[in-house]
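Okay, thanks for coming, everyone. Let's have a look at the structure together before I start pointing things out.

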Amino acid sequence: MREDVVVEKDGIRCVDFYKAIGKGYERGWFTNFKGRYRFYKGARSTKKSYDMLGYEPVMKILSDPRRNILICRQNDVDNRQSTFERLCGCIADLGLESYFKMTKNPLEITYTSTGQKIVFRGLNNPTSLTSVTFAHGFLTDIIIEEAFEVANYEDFIKIDGSVRGKLPKGLALQITCC
């Protein structure tokens, strides 16, 4: 666990996520932004991939047992080598490895106490995204890493259409593009 982000509150050690993510993303963090679409643009080393694709999905899963997340890149191979590994690293940074099961086939991370999942898919076949379902909870979030790789507007509409349906009170649909 990264000791630089740990604080003690009432004798309990906790992770201070604002220390972990630093400054610059507070307004866009999911607890502060309730819109359907979020777009993050920036050069390399601006933390958007690390914060928005690392810490935030973990917090979303931990914050509500009904949430499930789909993380997309152009190809499945790209996911395996970047987004999946980054997310596993963030889980380790937070000392939460014992609460999550990471599998490489299929490429997914499961929060073991609730069965919630973070799944990873390639955009090379956008129609395969429409059949993503979960045994526990709802698909509430899609995160698109390297959003410039989405080939055209029609493909984005297919992705957008994957997150639909009526959700219980307190849950919102959200697509994040980095």
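So, which residues of helix 3 are buried? Keep in mind as we go that this is a predicted model. The buried ones are Asn79, Ser82, Thr83, Phe84, Leu87, Cys88, Cys90, Ile91 and Asp93. A bit of background on spacing: an α-helix has 3.6 residues a turn, so residues three or four places apart point the same way.

Let's stay on helix 3, residues 76-93. With 18 residues at 1.5 Å each, helix 3 should span 26 Å, and its end C-alpha atoms are 24 Å apart, so that agrees. Helix 3 isn't straight all along, though: there's a bend of about 30 degrees at Phe84, and Phe84 is one of those buried residues. After helix 3 comes Gly95, with a positive phi near 70 degrees.

Okay, on to the aromatics. How many aromatic pairs does the structure hold? Three, and I'll show you two of them.

One is Tyr37 with Phe156, a tilted pair, 6.2 Å centre to centre with 40 degrees between the planes. Tyr37 sits in strand 3 and Phe156 in helix 4, so this pair ties together parts 119 residues apart in sequence. Tyr37 is partly exposed, at 34% relative accessible area, while Phe156 is buried, at 17%.

Then there's Phe100 with Tyr111, also tilted: 5.1 Å between centres, 35 degrees between planes. Here Phe100 is in strand 5 and Tyr111 in strand 6, so the parts being tied together are eleven residues apart in sequence. Phe100 counts as buried at 6% relative accessibility, and Tyr111 counts as buried at 15%.

Notes: Residues are numbered from 1 along each chain as its sequence is written. This is a predicted model: local features need pLDDT of at least 70, side-chain atom pairs count only at pLDDT 80 or more; totals for chains, interfaces and linings use all residues. Side-chain values use heavy atoms; hydrogens and water are left out. Helices (H or I, at least four residues) and strands (E, at least two) are DSSP runs, numbered from the N terminus. The expected span of a helix is 1.5 Å times one less than its number of residues. The bend at a residue is the angle between axes fitted to the seven residues ending there and the seven starting there. Buried means under 20% relative accessible area, exposed over 50%, partly exposed in between (1.4 Å probe, protein chains only). Rings of Phe, Tyr and Trp (its six-membered ring) pair if their centres lie within 6.5 Å; planes under 30 degrees apart count as stacked, over 60 as edge-to-face and the rest as tilted.
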